[in-house]
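Have the structure open while you read.

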Amino acid sequence: MKPEKILKRYRVEHGKHFRLKDYDPSDTAGLKSEFKPQARELLAKGVEELAKLQDVLAAQDRWGLLVILQALDAAGKDGTIKHVMSGVNPQGVTVHSFKAPSSEELDHDFMWRTMKVAPSRGDINIFNRSYYEEVLVVRVHPEVLQKEKMPKHLVGKDIWEERFEDINGYERYLTRNGIAILKIFLHLSKKEQKKRFLARLDVPDKNWKFSTADVKERLCWDDYQEAYEDLIRHTAHPHAPWYVVPADNKWFSRMIVAGAMVETLKNLKLSYPKVDAAQKAELEKAKEQLLNE
């Protein structure tokens with residue numbers, strides 16, 4: 001199967017009829033575990049191509065790229081960032097991790113903390129979690145919404161629909177201003193999450209990764225599945241698609257994420273700035289001067 005077809009398999013551009021149950025977290029597009037070595041090679045090639053595209057992105061200085069990574073605990077967000085971005089120029093990439101909001105952030109609108117770190121032209125910004133937490137965690141745990149200190153009459157039964165509207169408007173605004181958007185949902189199964197949690201408990205070097213809060217959140221599994229399904233239904237668009245990436249096999253999910261980033265940048269039809277006649281003449285003069293030293 002061609003890489004383009006594999007990527008298309010997981011891309012959601014129209015969310016109206018999206019159903020999360022149609023996507024298998026253990027899916028590998030028919031590729032068997034024996035394919036792991038080739039997958040690593042493809043990932044390496046993808047990282048190499050990504051580095052080249054990033055160089056053109058920075059040189060052209062017309063587009064920026066916002067990559068949003070969403071997932072439940074232990075789905076591999078940090079590892080994906082580490083492996084997929086391993087070969088790019090760190091000067092052009094910034095990773096922002098959004099955890100529980102601070103008191104200052106709670107004094108602002110729900111998108112304030114992410115808006116102020118949107119990518120500039122020529123840069124790639126990665127959001128490890130994002131403003132989508134406001135229609136995920138906050139929806140699953142309504143008590144969190146109370147801490148946001150919104151006027152009571154603005155917190156009605158349509159608040160989630162309203163937040164979807166706000167998010168859609170913001171993403172449309174970004175893309176109209178030259179900021180491309182790539183949204184990744186690392187889709188992990190409950191069985192695989194349990195396996196990874198146990199590994200964190202059994203292996204001393206992984207103990208630091210585990211939090212008792214992870215187990216408590218696991219009790220809300222079905223609520224999170226419903227929330228993810230609803231947000232993808234409401235926010236998947238051709239200009240800001242979601243990729244529902246099977247995350248049970250890390251070798252496969254990392255390959256898909258790298259491929260999606262490469263495809264997104266290629267679609268921008270990037271090119272190095274062209275030098276006009278006057279600039280070429282200046283370059284020739286500079287060259288001649290250096291040769292005559």
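This is a predicted model: local features need pLDDT of at least 70, side-chain atom pairs count only at pLDDT 80 or more; totals for chains, interfaces and linings use all residues.

1. The largest nonpolar core has 47 residues, and the members touching the most others are Met85, Ile124, Ile184, Leu186, Met261 and Leu265. Several elements supply at least two residues each, among them helix H2 (36-60), strand S5 (179-187) and helix H12 (250-266). H12 gives the largest share, 10 residues.

2. Take Ile124 as a way in. Leaving aside neighbours within four places in sequence, Ile124 is in contact with Gln54, Leu57, Leu65, Val67, Gly92, Val93, Thr94, Met261 and Leu265. Another core, of 38 residues, lies apart from the largest one and includes Phe110, Val117, Trp221 and Ala240.

3. On to the rings: the whole structure has 10 aromatic pairs. Tyr131 and Tyr170 sit edge-to-face, 5.8 Å centre to centre with 85 degrees between the planes. Tyr131 is in the loop between S4 and helix H6 (137-140) and Tyr170 is in helix H8 (residues 159-176), so this pair ties together parts 39 residues apart in sequence. Both Tyr131 and Tyr170 are buried.

4. Phe185 and Tyr228 are stacked instead, at 4.1 Å centre to centre and 20 degrees between the planes. This pair links strand S5 to helix H11 (residues 221-235), across 43 residues of chain. Phe185 and Tyr228 are buried too.

5. Two last things to click on. Tyr10, Phe35, Trp251 and Phe252 make up one aromatic cluster. Arg163 lies over the face of Phe110, 4.4 Å from the ring centre.

Conventions:
Residues are numbered from 1 along each chain as its sequence is written. Side-chain values use heavy atoms; hydrogens and water are left out. A nonpolar core is a set of buried Ala, Val, Leu, Ile, Met, Phe, Trp, Tyr and Cys residues joined through side-chain atoms within 4.5 Å. Buried means under 20% relative accessible area, exposed over 50%, partly exposed in between (1.4 Å probe, protein chains only). Helices (H or I, at least four residues) and strands (E, at least two) are DSSP runs, numbered from the N terminus. Contact means heavy atoms within 4.5 Å. Rings of Phe, Tyr and Trp (its six-membered ring) pair if their centres lie within 6.5 Å; planes under 30 degrees apart count as stacked, over 60 as edge-to-face and the rest as tilted. A charge sits over a ring if NZ of Lys or CZ of Arg is within 6 Å of the ring centre and within 35 degrees of the ring normal.
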